[in-house]
Structures are given as structure tokens and as C-alpha cells.
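Dear colleague,

Please find below the structure that I am handing over to you.

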Amino acid sequence: MNLNHLDPKIGLVFQRVFARADLLKDFLNAVLPLDAPIESLAYLPAEQAPQASGMRFSIIDVKCHDQGGQVFVVKMQMLWSAAHFARIPFSGAQAVVSQFSSGASYQPLCPVYSVTVLNDVFEKDPDEKDCWLHHYKITQLADHDKVLKGLQFVILELPKFTPQTRVEKQATALWLRFLRETGEPGFVPDEALLSYAPVADAVKLTEFKGYSAAEIESYQKYLDALRNEKELPAQ
């Protein structure tokens, strides 16, 4: 275990970092293909977060909405299998359905972004080796510019990102570096990470000294279970 910083991709650390609305807002603005930047975020009740059985090594309870009511469901997925393509639309659709009450009009339903941060590779095509962001919309087959608004899916493949990958904003690269590098053996945050205040704050929230003995024990048990899961045959 890295004795200075914990891995932000692991459940309790991910939740601690992104329990800060300002950090989650900055992260989403940096990595998502949004029509307009998020100006403010508010968390939705945990009981409204979509729950999907069998999704091991996922966090599905980071759910919030922006100033316009647009909903974001953010989860961290450590391992990937073919079944996850079916589960991602399911959890996104649940976030739409959870807004609806019996007898109510469909008109007020807010658009949903289902965001999966994936610490694995699902697109193994060599031509896609640098394509770390996958954005899915519901479009008309004859005219892809015609989009059925309401539900979009974004998958970020962390292993495909490198600092040399072309990105539109420096913040994007710094947030992806934070997720990829923090907690790795020998990790020491460099000047670039610490020079950007939101990422510097996120790095501080991963410091080993900020966690209780019980939390460290839970963290270690999670890592052990993850190692065991990786050794199982692919399904």
C-alpha cells in the first residue's frame, strides 16, 4: 500500500473526494462534452441513486443535478465485463424513471448524464488506443444530428489516457492524471498537479493520515477482494 496517498478510484476515497460539490463540478466540467458549463451542483438524496445488482466494484451513489436540473449519475467501475454494457443503460434509465411520479406529466423530466469512470479497457481495437472518452447519445439513424434528448452516456477509459494524449483543456489532463496516478507505488504529487487548486485539494483528500484505522482496514479489504476478482475467469 502507498503509505502517503490512497487510491481515489477505491470506494471510500472516491466518495470522500467527490462529496465536495466544488470538486465534482470542476471534474465534470473538465471531462464531459457539455453544451454549457455547470455553474452549480446539488446532491440528490442517496435513496434516489439507481441501484443495479451484481455491479461489483462500482460506486453508483454519486448523483447530483446542476442549475438547470440536468442530472448526473457518476460511478467508478474498477473491472469490466461484457455484461456492463447492458447495466450502464439500465442505471441511466433508472435515473430518468426516479424523477417520475404516478400521474405526473413527462414534460418536467430532466436530462440525465450517466458517467462511468472505468479503470479497465473495453474497446480493444488498436485504432482506438488513444480514444479514452466514449460518448453515446440516442440519435436518428438517417441523421445523427437529430438527437433524442433525455439520456446520454459517457465512459472514460482511464488506462488509455496518457499525459501525451491530446486534450482540449489542461484541467482535463490534470483530473485524469489524478485518478490514474494517485495512490500508485512511489506517487508524489508534482508541481503541475499541485498548481491547479481543485486537483490539489483532491490530492490532499487522499492523504493516508486523513483516514481512520477502520477506514484503512476497509480500504485494504476492498483491495484484497479486487485482486481476487481479477483472478477469476472472465464472464
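**Overview and findings**

The protein chain of this predicted model folds into 7 helices and 8 strands. It has 235 residues, of which 44% count as buried. The chain exposes about 12500 Å², and carbon and sulfur atoms supply 54% of that area. Of the contacts between residues at least 6 apart in sequence, 64% join residues at least 24 apart.

Helix H4 (residues 170–181) packs with helix H6 (residues 197–204) at an angle of about 10 degrees, and their axes are 10 Å apart. Because angles under 35 degrees count as roughly parallel, H4 is described as roughly parallel to H6. H4 contributes Leu174, Trp175 and Phe178 to the contact, while H6 contributes Pro198, Val199, Ala202 and Val203. By class, this contact has 7 nonpolar residues, with no polar and no charged ones.

The structure also holds 11 salt bridges. In one of them, the side chains of Arg16 and Glu215 meet at 2.9 Å, N to O. This pair links helix H1 (residues 11–18), which holds Arg16, to helix H7 (residues 213–231), which holds Glu215, across 199 residues. Arg16 is partly exposed, with a relative accessible area of 26%, and Glu215 is also partly exposed at 26%.

Asp201 lies in H6 and Arg20 in the loop between H1 and helix H2, 181 residues apart. Arg20, Asp22 and Asp201 are linked in a network of salt bridges.

Finally, Lys160 and Glu157 meet in a salt bridge (3.1 Å, N to O), and both residues are buried.

With kind regards

Terms used: Residues numbered from 1 in each chain as written. Predicted model: local features only at pLDDT ≥ 70, side-chain atom pairs only at ≥ 80, totals over all residues. Heavy atoms only, no water. Axes fitted to C-alpha atoms, helices over the stretch in contact; angles between N-to-C directions. Helix = DSSP H or I, 4+ residues; strand = E, 2+ residues; numbered from the N terminus. Parallel < 35°, antiparallel > 145°, perpendicular 65-115°, else oblique. Contact = heavy atoms within 4.5 Å. Nonpolar A, V, L, I, M, F, W, Y, C, P; charged D, E, K, R; others polar. Buried < 20%, exposed > 50% of the residue type's maximum accessible area, 1.4 Å probe, protein only. Areas by Shrake-Rupley, 256 points an atom, 1.4 Å probe, with all protein chains shown as cover. Salt bridge = Lys/Arg side-chain N within 4 Å of Asp/Glu carboxyl O.
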